[in-house]
Amino acid sequence: MTVDDTGSGTGVHPVPDGGPERDADAEPEENPLALRLEQLILGAERRYTPFQAARSAGVSMELASRFWRAMGFADIGQAKALTEADVLALRRLAGLVEAGLLSEAMAVQVARSTGQTTARLAEWQIDSFLEGLTEPPEPGMTRTEVTYPLVELLLPELEEFLVYVWRRQLAAATGRVVQAGDDEEMVDRRLAVGFADLVGFTRLTRRLEEEELGELVEAFETTAADLVAAHGGRLIKTLGDEVLYAADDAGIAAEIALRLIETMAHDETMPELRVGIAFGTVTTRMGDVFGTTVNLASRLTSIAPRDAVLVDGAFAEELIRTTEAPASEAEAAEAAAAAEKEGEEPPSYRFALQPMWQRPVRGLGVIEPWLLNRRDGSP
């Protein structure tokens, strides 16, 4: 970003990134309802140009621009479009840097992660929620006539619910970090990572109408998200026909994978599913996961049979180590016989592992996948 000789520079305005940049000298025509809605949602009138907002917040125009762009807002020159809330947000972020609680780079990352997450949430609420609710309740009423009072009623409730969910998620994430063995494990952790992929999705996109395809994807993502959460995993992201999840415990990841297969198999509207899971060191950034373990899980998914779960050797070893699965059926039989001889309860294994043929995997060398199933009699 550049600053001209007057010190005004190029500013930004909180509208979704990718919108056209506006000439600062132009007088754009604004929809009166859009302005009223903006003021209602933001709780303040437009008072500042970007330069004025940065100056009022006590930060440089360059840093203000970095923060706003990180949040996903497009440049608008020097139009008077910012509010007191924008000034306060800048002041808070800059204050965290000045106090030494965050580095400048980390503050920008906080702005980016928050902006990306809330942008997706806002788009979803408008596309899937508000559009349906703003259907005219009475003949002759337009949608625009309904929107303002509806937003006025919903805004405080949605805001409080958002803060509640965020606090709950923050508490859960903090708990996981505190339980990490050491400082390095807080960033590079050993996790089970699973991909679940709908088989033949590309063909479905050519056969189904757009609305049908959207309903199928939503049903898949909803079912997957519910199962992952219910069994103690974490949904990392959804990619239409694919979901990525993680779990601290291999047994949890295995249970989620098999539940996904079983649930989808009982739904005639759903295509077949395949799942790949790998266990190992994973780097976490901005809620996402990266590394060789993630790549391996993705490759295992691509070679998994339909309605089946493939896992890597490290994952199989972890299930065996935690006595969730026997190393072989022969070992399970020996352990049962020994327990019976001693008058003890035989080991109770939840899962069964079947070694598959070794095969080369692009970029990862030769691997030996294992087929994961439930043990006979397990729930």
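Q: How many salt bridges does the count come to, and what makes a pair one of them?
A: The count comes to 15 salt bridges, each being a side-chain nitrogen of Lys or Arg within 4 Å of a carboxyl oxygen of Asp or Glu. The structure is a predicted model, in which local features need pLDDT of at least 70 and side-chain atom pairs count only at pLDDT 80 or more, while totals for chains, interfaces and linings use all residues. Residues are numbered from 1 along each chain as its sequence is written, and side-chain values use heavy atoms, with hydrogens and water left out.

Q: Why is the pair of E272 and R306 said to tie together parts of the chain?
A: E272 and R306 form a salt bridge whose closest N and O atoms are 2.6 Å apart. E272 lies in the loop between α10 (250-265) and β6 (273-285), and R306 in the loop between α11 (292-303) and β8 (308-311), so the pair ties together parts that are 34 residues apart in sequence. Helices (H or I, at least four residues) and strands (E, at least two) are DSSP runs numbered from the N terminus. E272 at 33% relative accessibility counts as partly exposed, and so does R306 at 48%.

Q: Which parts of the chain does the salt bridge of E329 and R375 link?
A: With closest N and O atoms 2.5 Å apart, E329 and R375 form a salt bridge. The pair links distant parts of the chain, with E329 in helix α13 (residues 329-341) and R375 in the segment after β12 (370-374), 46 residues apart.

Q: Why is L37 called buried, and what is it in contact with?
A: L37, placed in helix α1 (residues 32-42), has 15% relative accessibility and therefore counts as buried. Leaving aside its neighbours within four places in sequence, L37 is in contact (heavy atoms within 4.5 Å) with T147, Y148 and V151. The C-alpha atoms of L37 and T147, which are 110 residues apart along the chain, are separated by 8.5 Å.

Q: What makes helix α3 mostly covered?
A: Seven of the ten residues of helix α3 (residues 61-70) are buried, namely M61, L63, A64, S65, F67, W68 and A70. Just after α3, G72 takes a positive phi of about 95°.

Q: How do you know that E210 is exposed, and where does E210 lie?
A: E210 lies in helix α9 (residues 210-230), and its relative accessibility of 74% is why E210 counts as exposed.

Q: What is the secondary structure of the protein chain, and how much of the chain counts as buried?
A: The protein chain comes to 13 helices and twelve strands, and 37% of its 379 residues count as buried.

Terms used
Buried means under 20% relative accessible area, exposed over 50%, partly exposed in between (1.4 Å probe, protein chains only).
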